[in-house]
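These are my notebook entries on one protein chain. I put the structure up before writing anything down.

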Amino acid sequence: MTLKQLPPSERPRERLFAVGPEHLSPAELLAIILRTGAAGQTAVQVAQHLLADGEKQGGHPLLYLLKASAAELAACRGVGRAKAAQIKAALELGRRLGEVGPRERVRINGPADVAALVMEEMRHLEQEQFRVILLDTKNQVLGVESVSTGTLNTTLVHPREIFKLAIRRVANAIILVHNHPSGDPTPSPEDRQITKDLMAAGQLLGIDVHDHVIIGDRRYFSLREGRGVAGTKRCRRL
């Protein structure tokens with residue numbers, strides 16, 4: 001049976017217009033991206049098989065789509081190069097949308113705002129990545145810059161690289177951010193030492209280091225406040 005043979009109320013595209021995309025299942029949304037099925041399979045069935053294959057890899061099936069290469073998706077049954085390209089293109093648009101956001105209009109009032117800004121992207125990273133959030137005099141975000149990527153357990157950070165970015169963007173203050181791929185944001189002794197070193201360097205340069213926030217999986221830890229918090233809230237938009 002093809003999708004055209006289904007009643008209109010059961011076709012993903014028609015359902016999206018009728019009830020909205022938020023009410024469709026992941027398989028239905030993916031079927032809309034795929035557009036067509038394969039031999040003996042509807043687009044929904046291909047989507048279901050693809051998500052099931054992802055679940056077998058461990059973790060959430062949508063994360064599999066995000067992390068798998070286009071070639072890996074193309075090798076899945078019923079997908080092929082064209083459909084794999086469509087999937088990766090849709091995911092990349094979503095990722096870029098998350099990056100664009102309202103950065104120039106976000107004010108950071110505390111670590112919860114930091115987590116809301118970067119959590120959804122950084123909690124999925126498989127390696128530690130150290131970033132710096134650049135702030136103006138009103139604590140509005142000028143930009144978020146990646147400084148270094150290390151192994152699963154170590155991120156190499158040099159004060160020169162961090163403050164060069166801050167000076168270039170004429171930042172009044174910065175916030176340090178990095179992720180723990182384990183999902184546990186508890187700071188290590190190295191994390192604490194890096195924070196002390198960078199705060200001291202910032203004092204010499206007249207650039208305040210407001211905080212160092214460690215991102216876990218739906219959890220974060222503020223070294224400024226000395227505590228961890230579960231969950232995030234929305235950023236305040238000006």
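Is Glu126 buried or exposed? I looked it up: Glu126 has a relative accessible area of 51% and is therefore exposed. The terms I use are buried for under 20% relative accessible area, exposed for over 50%, and partly exposed in between, with a 1.4 Å probe and protein chains only.

Entry on the model. I note that this is a predicted model, where local features need pLDDT of at least 70 and side-chain atom pairs count only at pLDDT 80 or more, while totals for chains, interfaces and linings use all residues. Residues are numbered from 1 along each chain as its sequence is written, and side-chain values use heavy atoms, with hydrogens and water left out.

Entry on the whole chain. I found nine helices and eight strands in the protein chain. Helices (H or I, at least four residues) and strands (E, at least two) are DSSP runs, numbered from the N terminus. The chain has 238 residues, and buried residues make up 39% of them.

Entry on salt bridges. I searched the whole structure and got eight salt bridges. A salt bridge is a side-chain nitrogen of Lys or Arg within 4 Å of a carboxyl oxygen of Asp or Glu.

I began with Glu126, whose side chain meets that of Lys67 in a salt bridge (3.4 Å, N to O). Lys67 lies in helix H4 (residues 61–67) and Glu126 in the loop between helix H7 (111–122) and strand S2 (129–135), so this pair ties together parts that are 59 residues apart in sequence. Lys67 is partly exposed, at 42% relative accessible area.

Next I looked at Arg123 and Asp217, whose side chains form a salt bridge at 2.6 Å, N to O. Arg123 is in the loop between H7 and S2, and Asp217 is in the loop between strand S5 (208–215) and strand S6 (219–222), so the pair ties together parts 94 residues apart in sequence. Arg123 counts as buried at 15% relative accessibility, whereas Asp217 counts as partly exposed at 39%.

Arg169 is in the loop between helix H8 (159–168) and strand S4 (173–179), and Glu145 is in strand S3 (residues 141–149); the two are 24 residues apart. Arg169 is partly exposed, with a relative accessible area of 33%, and Glu145 counts as partly exposed at 26%. I also recorded one network, in which salt bridges that share partners join Glu120, Arg123 and Asp217.

Entry on helix packing. Two packed helices are described by the angle between their axes and the distance between the axes. I read off an angle of about 115° for helix H1 (residues 12–19) and helix H2 (residues 26–34), with the axes 9 Å apart. The axes are lines fitted to C-alpha atoms, for helices over the stretch in contact, and angles run from 0 to 180 degrees between N-to-C directions. The contact is made by Pro12, Arg13, Arg15 and Leu16 of H1 and by Glu28, Ala31 and Ile32 of H2.

Methods
Contact = heavy atoms within 4.5 Å.
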